[in-house]
Amino acid sequence: MSAISPPAERIWWKAPIDKLEFTWIAIALVWSLTMFTMMVYWHIAGGQNLSNETYKTTKEMFAAKAQAVVDKYTVRTETDQQIPVVKPPAGSDIYLIGRLWAWWPIYELEKGKAYKLHLSAMDYMHGFSLQPQNINIQVHPNYEHVVKITPNQLGTYSIVCNEYCGIGHHTMVGRIYVK
Amino acid sequence: MATTYRICPRSGLQFDTAAEKLMRWNAVAGVLALLLGGIMALGVVLTRWPAVHLLPADQFYLALTSHGINMLLFWIIFFEMAVLYFASSTLLHCRLATPKIAWLGFILMAIGAIMANVAVFQGESSVMFTSYVPMQAKPHFYLGLILFAVGALLGCFVFLGTLVVAKAEKTYEGSIPLVTFGALTAAIIAIFTIASGAIILIPTFLWSVGYIREIDTIMYRVVWWAMGHSSQQINVSAHVAIWYAGAAIVFGAKPMSEKVSRTAFLLYILFLQLASAHHLLSDPGVGSEWKVVNTSYFMYFAVLASMIHGMTIPGAIEQAQRAKGYNKGLFEWLRKAPWGNPAFSAIFLSLVGFGFLGGISGVMMGTEQLNLLIHNTIYVPGHFHATVVIGTTLAFMGLTYFLVPVLFKREVLFPGFAKLQPYLFGLAMYVVALVMMGAGTLGVSRRHWDMAFAGSPMAYEWPGAAYLMMGLTGIAGVVAIIGGGGWILQIVFSLLFGKKLDDGETRSTPIPLTLPPQTGAHAAHIGTPGTMVLALVFLVSFILYYFVNWKYLSSLWGMA
Ligand code: HEM
Ligand SMILES: [Cu+2]
Ligand SMILES: [Cu+2]
């Protein structure tokens, strides 16, 4: 009698389990526990954990905070759209706005210094995808997500939007310089 | 109308005539959705192939939305309804409870599917199958999905009702078959899923017609994925049940241990539907504790269950083959398997691809910190084409080869193509899944019209390897579409023009299933060393891949 018929042994729950089958279950269980431990271990000892610091905000409030930082620390503008390039002091709070279809402003950061990056969206959800690092974070409207970042390599980084946000989604690219 | 039963002369299965008709209609509706979704796949994949870049942006997003809903929802769920009716009424030799309600369910599902497709093709509803707020589709897009879900819910109740009828009318002895147990798992998860779907889609519908002002985006994602993820568990339960059924039909294989396999299905019910957190690992507003507990204790129990099925099914085949005398060495049982029988090859490719490609990548993505590496990249569709296409769709295709003569009473036309089809479609899909995962590892976004960022003031230049992988996605994708389209043509032609086979005896009373007398003697025990070796190869690949990703993560910018 096979899997498409009732079990031939009525009291199937008393049938012994094959040795190899049992060994495999034990191995699989140990592996599952190992994987669980890794996540906890990384919270304690690892250097890359997504922060849980989140606040409810409004579009106006967040935009005002970003504007204040931009007004204070802009060093130049780039591209035809005159996007400000902002060079904040190490350790400060920086604000990145995601909106249809741009990341605003551009930041210039120092290698090895920590910054508190605040993320929020002005309209739809957007996806913060830092390239070529490949760090990906979901960005929601009306929530302010605070992530402490420490760039560890020099270079020019792009922020690709990787949450579908309408017809201009593919043009939504921002930039961070690490000097 | 009196219930009649047909005994299929080719398989010995007994079909309630009313149930049989429902199975046929549901399966056919599913294949139509697959056809539409497949045409859309062509548009999607030819646009993501950078050298071709076929469609303009608006049509690409429209095609992608249609591809998602037709494949993931309509094709799979219509077919699953057929599987539920088969696993209850046919396998238990029982009449289907309330066929009228089953028809009502079918009609609601059909209306819902058509309505949602109409909304998508009218434009202005290209919101993807996830329809994340605050992006808004037309009201009839949501309404279509709701009607479809209500119809599927009715189908689940008919399935449960049939189990009750079978028990009450004593059409079988002992416990329900393992495959029916697997289908029961799927149905229970489906009820939870559809409830979550109602909780999120009904307010979203009301919002789209203006009765609700705003829907919170985090709340939406949490509840939406309680539906979206659990519905993948329905698929897993259903295709695992089909793997067991395939092993039983092709080899007469008996589960290694009923107890183990049933417990593993039970773990799906207990833990899988809670795993929605792994879709929010890179989201703000939900805490690490929830993420870790939800993805580990809850998800790993489900992973454990899949690892168990992944071993016990080949193990059961190995036992059956060794009992037939294929005993040489570790792998004679596998070498001598009927590789030319599409019901077998499809299921075997489905099992291996689901485990190696879908399983390993899924667990990697489902690890809280590692998720940062791939969230919303094309790695994600790479992963789920290994699960829902190689796992679910290919298993359904394999089962259909068995069902054409048995349920549709037609001979399969073009048997030469049938031998090849699972390899053509399955192996091409292996490549599609792998290269999408490769491109995603390099960061390439999913749901993205142009990797050259035309029109952006600050375009990013992807590495050449990313372009290469997306080109390969295009090529292998086209091969897969030929393999899948070939399957549709073959099945449709067989149903229309295949040689008619005789119906077999029709009777007005069912023949109950009886068990052989209990002798108390156990059959000689047969070991499964070959399967164990395969399982260990799997484990080693899993461990290596898992830690390689941690190594990669540790090289990134510090984050806290
Ligand atoms: C026949 C060959 C198929 C090919 C070549 C193919 C190709 C693709 C590609 C390239 C994408 C990603 C596009 C993007 O994110 O930019 C995609 C998305 C998707 N595919 Fe397929 N696919 C096929 C079959 C299937 C099947 C059979 C299913 C389900 C059973 C399926 C389900 C999905 C889903 C759910 C998405 C996600 C849509 C979204 O992001 O909203 N596909 N497909
Ligand atoms: Cu965006
Ligand atoms: Cu976007």
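Cys161(A) bridges the copper ion (ligand 3) and the copper ion (ligand 2), which lie 2.6 Å apart. The model is predicted: local features need pLDDT of at least 70 and side-chain atom pairs count only at pLDDT 80 or more, while totals for chains, interfaces and linings use all residues. Residues are numbered from 1 along each chain as its sequence is written, chains are lettered from A and ligands numbered from 1 in the order in which they are written, and side-chain values use heavy atoms, with hydrogens and water left out.

**Metal sites**

Donors are N, O and S atoms within 2.8 Å of the metal (3.2 Å for Na, K and Ca); water is not among the atoms, so sites may look incomplete. The protein donors are listed below.

| Metal | Protein donors | Distance |
|---|---|---|
| copper ion (ligand 2) | His126(A) (ND1), Cys161(A) (SG), Cys165(A) (SG), Met172(A) (SD) | 1.9 to 2.5 Å |
| copper ion (ligand 3) | Cys161(A) (SG), Glu163(A) (O), Cys165(A) (SG), His169(A) (ND1) | 1.9 to 2.4 Å |
| iron atom of ligand 1 | His67(B) (NE2), His385(B) (NE2) | 2.0 Å |

The 4 donor atoms around the copper ion (ligand 2) subtend angles of 97 to 129°, which makes that site tetrahedral (four donors with all angles between 85 and 135 degrees). Along the chain its donors follow the spacing H-x34-C-x3-C-x6-M. His126(A) belongs to strand 8 (residues 126–131) of chain A and Met172(A) to the loop between strand 11 (155–161) and strand 12 (173–178) of chain A, so the pair ties together parts that are 46 residues apart in sequence. Strands (E, at least two residues) and helices (H or I, at least four) are DSSP runs, numbered from the N terminus.

The site of the copper ion (ligand 3) is also tetrahedral, with angles of 90 to 124° among its 4 donor atoms. The donor residues of the copper ion (ligand 3) are spaced C-x1-E-x1-C-x3-H.

The iron atom of ligand 1 has an octahedral site, with angles of 85 to 179° among its 6 donor atoms (six donors, opposite ones over 155 degrees apart and all others between 65 and 115). His67(B) lies in helix 2 (residues 57–90) of chain B and His385(B) in helix 11 (residues 379–407) of chain B, so the pair ties together parts that are 318 residues apart in sequence.

**Packing of helix 6 of chain B**

Helix 6 of chain B and helix 11 of chain B pack at an angle of about 40°, with axes 9 Å apart; axes are lines fitted to C-alpha atoms over the stretch in contact, and angles run from 0 to 180 degrees between N-to-C directions. Helix 6 of chain B is therefore oblique to helix 11 of chain B, the class left after angles under 35 degrees (roughly parallel), over 145 (roughly antiparallel) and 65 to 115 (roughly perpendicular). Contact (heavy atoms within 4.5 Å) involves residues including His239(B) and Trp243(B) of helix 6 of chain B and Phe396(B) of helix 11 of chain B.

The axes of helix 6 (residues 217–251) of chain B and helix 10 (residues 342–365) of chain B come within 10 Å and cross at roughly 140°. These two helices are therefore oblique to each other. Among the residues making this contact are His239(B) and Trp243(B) of helix 6 of chain B and Phe344(B) of helix 10 of chain B.

**Backbone features**

A cis peptide bond joins Trp104(A) and Pro105(A), with omega about -10°. The bond from Val133(B) to Pro134(B) is cis, with omega near 0°.
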